[in-house]
Amino acid sequence: ASIIFMVGKGLESPTIVKELLDIETNPAKPCYPFAPELPLVLHKCDYKNLNFGHSVQNLWRVSCDLEKKWEELSLAAERLRNGLDSLDTDSMVATCDVAKFINGFVLERKKKMERNCSIMNVNRDELSTVDSSQLIKNVGSHIPWGEALTIISKCGVGRPGVDGPKAPLHIPLMNRAKGTTYEEKVKAILATEGEKEGGPPSKRRREIYESNIKKKKLSKEEDESFYKKMLCEGGSGM
């Protein structure tokens, strides 16, 4: 999900998904943070061999709980939206302060890009600054915050968000440090005491690995038996 968000923001090409799934070319996963959990909603989940039953009483109780939460969060969202709209129209800010904010952000971003030119495939000669004075020369000494945000956004700073103006510089995924490959992890688990650095191998880790390998070799009949057992335990409730 984190990668999909990067694609949606225009930070990565949609082809990055296919590239990362090609484990022959890219056996190790690049480092990136988890996606924020709030926008992620699992709204439906199907099980091939199991049907869930529902009682009216249980559905009524769940519906009441969800309605209550929906009402509370809807009201909270509207209060916050009203606060943001009020800031845009009622709060005035000095244009010189806007220019100072923009120039400070652009300078900091340029320093970061200069430090990461090699891994970002950016030529130092291509780095440039934004002349904020051109954007504010035709406005008054003080402007509404909403207008200031428009000017700030045009300078590449973006809109206010969780990360704020100190948001980390995006480094292309394929140029980032990569984690340990599956083969490297298996080798570390199966390594003998003489081969492995930092002490003897963990006997328990090796036993778990060998047990998982055996589970992957289950026959079709064993799989069907497992699903039948789960079906009987879960029941349909209908």
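Of the 238 residues in the protein, 18% are buried, where buried denotes under 20% relative accessible area, exposed over 50%, and partly exposed the range in between (1.4 Å probe, protein chains only). The structure is a predicted model, in which local features need pLDDT of at least 70, side-chain atom pairs count only at pLDDT 80 or more, and totals for chains, interfaces and linings use all residues. Residues are numbered from 1 along each chain as its sequence is written, and side-chain values use heavy atoms, with hydrogens and water left out.

**Overall architecture**

- The protein contains 10 helices and two strands; helices (H or I, at least four residues) and strands (E, at least two) are DSSP runs numbered from the N terminus.
- Their order along the sequence is α-α-α-β-α-α-α-β-α-α-α-α.
- Among contacts (heavy atoms within 4.5 Å) with a separation of 6 or more, 72% join residues 24 or more positions apart.

**Surface**

**Packing of α4 and α7**

- The axes of helix α4 (residues 95–115) and helix α7 (residues 145–154) come within 10 Å and cross at roughly 30 degrees; axes are lines fitted to C-alpha atoms, for helices over the stretch in contact, with angles from 0 to 180 degrees between N-to-C directions.
- The two helices are therefore roughly parallel, a class that covers angles under 35 degrees, whereas over 145 is roughly antiparallel, 65 to 115 roughly perpendicular and the rest oblique.
- V98, F101 and I102 of α4 meet A148, I151 and I152 of α7.
- By class, this contact has six nonpolar, no polar and no charged residues; Ala, Val, Leu, Ile, Met, Phe, Trp, Tyr, Cys and Pro count as nonpolar, Asp, Glu, Lys and Arg as charged, and the others, Gly among them, as polar.

**Helix α7 and its end**

- Residues G146, A148, L149, I151 and I152 of α7 are buried.
- G156, which follows α7, has a positive phi near 90 degrees.

**I4 in helix α1**

- I4 lies in helix α1 (residues 2–8) and is exposed, with a relative accessible area of 52%.
- I4 and I16 are separated by 12 residues in sequence and by 9.3 Å in space, C-alpha to C-alpha.
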